[in-house]
Amino acid sequence: MIRKRVFFALLVAAMLLSACGAPAATQVPAVTEAASATEPSLATEAPVVEVSGNLVVYSGRSEPLIQPLMDAFKAKYPNVEVLLKAGKNSELANALLEEKTNPQADIFITTELFTVQSLAQQGVFQSYLPVGAENLPAEFIGPGNAWIGLTRRARVIMYNTELVSPGEAPTSIFDLTDPKWKGRIAAAGSTNGSMQAQIAVMRQLLGEPATEEWLNGLLANEAAFLGGHTDVRKAVGAGEFQIGLVNHYYYYLQQAEGSKVGIVFPDQGEGQIGLITNATAAGIVNGAPNPAAAQAFMDFLISAEGQKLFTELNYEYPLLPGVEIHSEVQPLSDFRLADVNVAQSALEFDATFDLIERIGLP
Amino acid sequence: MRTGARAFHRLNQQNSISPRLTIAAGLVALFVAIPLGYIFFRAVTGEPEVWQRLLQTRIWTLLGNTLLLVAAVTSGALVTGVSMAWITERTDLPGRGIFRWMLALPLAIPAYIGGILHLTLLRSRGGLIPQLLESLFGQPIPTPSPLGFWGAAFILTIFTYPYVYLLSAAAFRSLHASLEEAARTFGRTPWQTLWRVTLPALRPGLIAGALLVALDILAEYGTVALLRYETFSSAIFVQLSGRYDRSAASVLSGVLVTLAIVILWGELRLQGQARFTQMESNWRPAPRHGLGKWKLPAFLLILGVISASLLVPVSVLAAWSIGAFLDPKTLASVFRTGSQGFGSFAWNSLWSSGLAAILAVTLSLPVALLSVRYPNRFSRFISRFCQVGYAIPGVVIALSLVLLVNRLLPFLYATPLVVVIAYVLRHMPQAVRASESALGQLSPSLEEAARTLGRTSLQTLFQITLPLVLPGLLAGGALVFLTSLKELPATLLLRPAGFDTLAVRVWVWAEDGFYMQAAPAALLLVLVSAIPLSFLLRREQVFK
C-alpha cells in the first residue's frame with residue numbers, strides 16, 4: 001500500500017511540474033501580443049523606444065549561418081529574447097501563409113529572393129526601410145520596401161584536388177552532365193532553397209526545355225542529391241564525391257577545415273550564361289508581435305557590424321558598400337554575372353516546382 | 001432491509017452502461033477522430049489536378065518504395081527477433097540473462113540516431129571504417145554503403161527487431177513443454193516441430209510484433225530522409241518544403257493513412273479467431289536445447305546483433321560526447337545555442353513527453369473502463385477507434401494539427417501544447433492498450449463490493465479502481481513517455497520558435513553534419529529513454 005501511495009505521490013508531483021512548465025512557456029506569446037497592439041505607431045516615429053520582449057525569427061538560413069548574428073544582436077539588446085525556427089525556405093513560407101491571420105513570426109530570412117518576392121506579393125510582409133538601407137544597391141530592396149537583401153552568394157563548383165586536377169575540373173555547370181563525371185557529383189536536393197533558385201534562374205535564362213535537359217543530365221549522371229550543402233561540402237572534402245555544386249562560401253568553409261578542395265566560378269566563357277548569383281533577404285512579417293525588435297534586428301542585419309559578421313564568419317558578399325569582403329574570397333567584380341530578373345523568376349517560381357516534381361528531382 | 005434493496009438496485013444500474021462514461025469515452029474518440037477526419041477531408045476534396053499530378057508522377061513510385069521497405073524490414077525484424085528469442089529462451093547459451101537486456105535495449109535508441117551513427121561509420125570513402133581500411137591497406141577498399149534501400153532496410157531492421165524479440169521471447173517462455181513433446185512423440189523431427197508446432201503457437205505474438213514494426217516503418221521519417229530513400233512520410237516533408245500548397249501533402253497523407261489502416265485491418269484478420277489456450281494447472285517450461293558445438297556461432301550471432309544495434313552506437317556516441325567535451329568551441333555550442341541552453345532542451349523533452357504521458361493515460365481511462373466493464377459492439381468500436389493513432393504517422397498528425405489548430409484554436413497555435421497534443425494523439429493507443437489490460441486483470445467484484453457499501457461510482461473509481469490498477473497505468477504512461485521522447489517529425493513541424501527538444505536538437509545538428517555537437521544530446525536522449533524502458537522490461541516475465 002505504501003508503494004502505491006508513493007506511486008501516486010509521484011504522479012501528482014509530475015502533474016504539478018508539467019503544469020508549471022506548460023503555462024510558463026505558453027504565456028510568453030500572449031504577453032508580447034498584448035504589448036504589440038500599442039507599439040507599432042510609437043516604434044516608427046520614435047526609434048528610441050525600448051526594444052525588449054521576444055523576437056521570433058523564421059530562418060531559411062540554417063542555424064549555424066544565422067546564430068552568430070543573433071548572438072551579436074542579443075549582446076546589443078540584452079532585453080530581447082531571440083527565438084529561432086530554422087527550416088527550409090518554402091516550409092517556413094508555407095507556415096507564414098498559414099499564419100497570415102494569426103502571425104507568430106516577427107522576421108523571415110530566406111536564402112534566395114524568389115520566396116520573399118512571392119510572399120511579398122501575397123501580403124505577408126509589412127513595409128520597412130531599415131536605417132542605412134539607402135546605401136544598398138536598389139535591386140536589393142523589395143517593391144514597397146517589403147524586403148531587403150542581406151548578402152550575396154554565387155553558385156560555384158567545388159572539387160577535391162586530390163582526385164581532380166585544376167585543369168580537369170569542369171568550367172561550366174553544363175559540364176556536369178558529361179558522362180565522365182558519372183557518379184562523382186554531389187549537389188543539394190530539391191528542397192534546398194539555393195538549388196530551387198538556381199533552377200528558377202536557369203528556367204528564366206535558358207527556357208524550360210534546356211533546364212529540364214540539364215536536370216535530366218544530372219540524374220542520368222547519377223548525381224547524388226544530398227540533404228544540404230554542408231553534407232555536400234563534407235562529402236567532397238572527404239573525397240566521397242569529386243565534384244560538388246554549392247554556394248561559394250561552402251568551398252571556403254571546407255577549406256578552412258583543412259580539406260584539399262578547389263573552386264571554379266563557372267560559365268565565364270563567351271556565349272556562356274555567366275555566374276549565377278542570388279541574395280539572402282529578410283522582411284518583417286505583417287502583424288509581427290514585436291515590430292520594434294524586428295526593426296532593430298533589420299537595422300542590425302544591414303549595419304556595417306552585421307554585414308561584417310556575414311562576411312567574416314561565412315565568407316558571403318556583403319551588400320552594404322564599404323564593408324570589405326573576406327580577404328580570401330574572390331570579389332564578384334572579377335566575374336561576368338548571369339542576368340537575373342528577380343521579379344520575373346518569382347512570378348514563375350511555381351512553374352519551377354512543377355518542373356522539379358515532373359522530373360522527380362530528389 | 002430498505003437500504004439493502006437500494007444497494008441491490010444500484011448494483012443493477014451499474015451493469016447498464018453509465019451515460020457519463022459513454023459520453024466521456026465518446027469525447028475521447030471524437031478528439032482522436034478529428035485530425036484523421038480532417039486529413040481525409042482535405043485529401044478527398046483536393047483539387048483534381050493535384051491528384052492527377054501525383055498519380056502521374058509520384059504516388060506509384062512512393063507506394064512501391066514504401067511497401068518494399070515495410071516488407072523488407074518486417075521480415076528482417078521477424079527473422080532477427082525470433083532467432084534471438086529462440087537462442088536466449090530455448091538454448092543453454094551462457095550469458096542469456098545479460099543478452100536478454102542487451103537485445104531489448106536498442107528500443108531506447110531512436111532509429112534516426114542509429115542511422116546517423118552507421119552513416120558516419122560506413123559511408124563510402126568519407127566514413128570512419130572505409131578511412132581506417134584505406135590507411136591500413138593503402139588503397140580504398142569497397143565497403144557496403146549504408147545509403148538507399150539496403151542501408152535503410154538494414155538500419156531499420158536492427159533498431160526495430162526488439163519489438164518482435166520481446167513478444168516472441170515472452171511467447172517462447174510461456175510455451176508448454178507438452179506441445180513440443182507431443183509433436184516429437186508423433187515422430188516429427190526437431191526441425192518439423194519448430195515449423196509445425198512451435199512457430200504456429202507463437203503466431204499471435206509474431207503478428208503483433210510485425211504489426212508494430214510495419215506501422216513504425218510507415219511513420220518513419222528521420223532515418224529514410226537521412227539515408228536518402230524516399231517513402232510516403234519523407235515525401236510529405238518534401239512536399240511541405242516545395243511549392244506553397246499543402247493539398248499535395250494532404251493527398252499523400254490520405255494515401256499513407258489508408259495504407260496504415262489496411263495493415264491494421266490485416267492484422268485483425270490474421271489474428272482472427274486463432275486462440276492458443278494452455279492449461280495453467282500443469283504448466284512447465286519447455287526444456288532448453290543443448291547447443292553443443294553451435295555455442296560459438298550462436299554467441300557470435302548475438303554479439304553481431306547487439307554490436308550493431310547497441311554496443312557500437314552507444315560507444316560511438318560516448319566517444320563523440322567525450323570529444324565534444326574536450327573541444328571548448330563545440331562544448332560552448334552544445335551548452336548554449338543562442339539563449340537556449342542544453343538544460344532547456346532536456347527540460348522541454350521531459351515535460352512535454354511527461355505531460356503527454358499523463359494526458360494519454362487519463363484520456364484512455366474512460367475508453368478502457370467502457371470497453372472492459374461493458375463489453376459490447378459499441379464500446380469495442382470506441383476502443384478500436386482510439387487505437388487508430390498507431391496508424392497515423394507523426395507527419396500527418398502534425399499537418400492536420402497545423403491546419404486545424406490555426407483555424408479553430410488560434411490561441412493554442414505555435415505553443416508547445418500543440419506538440420503535446422500531437423504526442424497524445426499519436427501514442428494514445430499504447431495508453432489504451434495498457435489501461436485495458438490493467439483493468440481487465442482487476443476483478444469487477446471489488447468495485448461491486450464498494451458500490452454495495454454505498455460508494456458512488458466516482459468514489460469507487462478513485463478509491464478502489466485507480467489505486468489498484470496504478471502500476472498498469474504507469475506502464476502505459478512509461479510507454480507513451482518513451483515514444484514521445486523519441487518523436488521527431490511532428491515535433492519538427494509543430495514546435496514554436498525557440499522550443500527545441502533533445503530529438504530536435506540532435507536532428508538539427510546532425511542534418512548539418514555537426515555530429516560531434518549532436519552526440520551529447522543524443523546520448524542523453526538514449527540514457528533518459530533507457531529509464532522508462534527498463535521499468536517496462538522489469539514488468540515483463542522474461543526479465544524477472
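Residues are numbered from 1 along each chain as its sequence is written, and chains are lettered from A in the order in which they are written. In this predicted model, local features need pLDDT of at least 70 and side-chain atom pairs count only at pLDDT 80 or more, while totals for chains, interfaces and linings use all residues.

In helix H17 of chain B, residues 377-386 (helices are DSSP runs of H or I with at least four residues, numbered from the N terminus), the residues B:Ser379, B:Ile382, B:Ser383 and B:Cys386 are buried, a term for residues with 20 or more other C-beta atoms within 10 Å of their own, whereas exposed ones have 12 or fewer, with C-beta atoms placed from the backbone. These four lie on the same side of H17(B) because they cover an arc of only 95 degrees around the axis, the arc being that of the directions from the helix axis to the C-beta atoms. On the face turned away from this buried side, H17(B) carries the exposed B:Arg377 and B:Phe381.

The largest nonpolar core has 172 residues, such a core being a set of buried Ala, Val, Leu, Ile, Met, Phe, Trp, Tyr and Cys residues joined through C-beta atoms within 7 Å. Its largest share, 16 residues, comes from helix H8 of chain B, residues 148-174. A second, separate core of 107 residues includes A:Val116 and A:Ala120.

In chain A, the domain assignment, which is automatic or from a database, gives domain 1 (50-152 + 278-330) and domain 2 (153-277 + 335-359), and 25 Å separate their centres, taken over C-alpha atoms.

Conventions: Helices (H or I, at least four residues) and strands (E, at least two) are DSSP runs, numbered from the N terminus.
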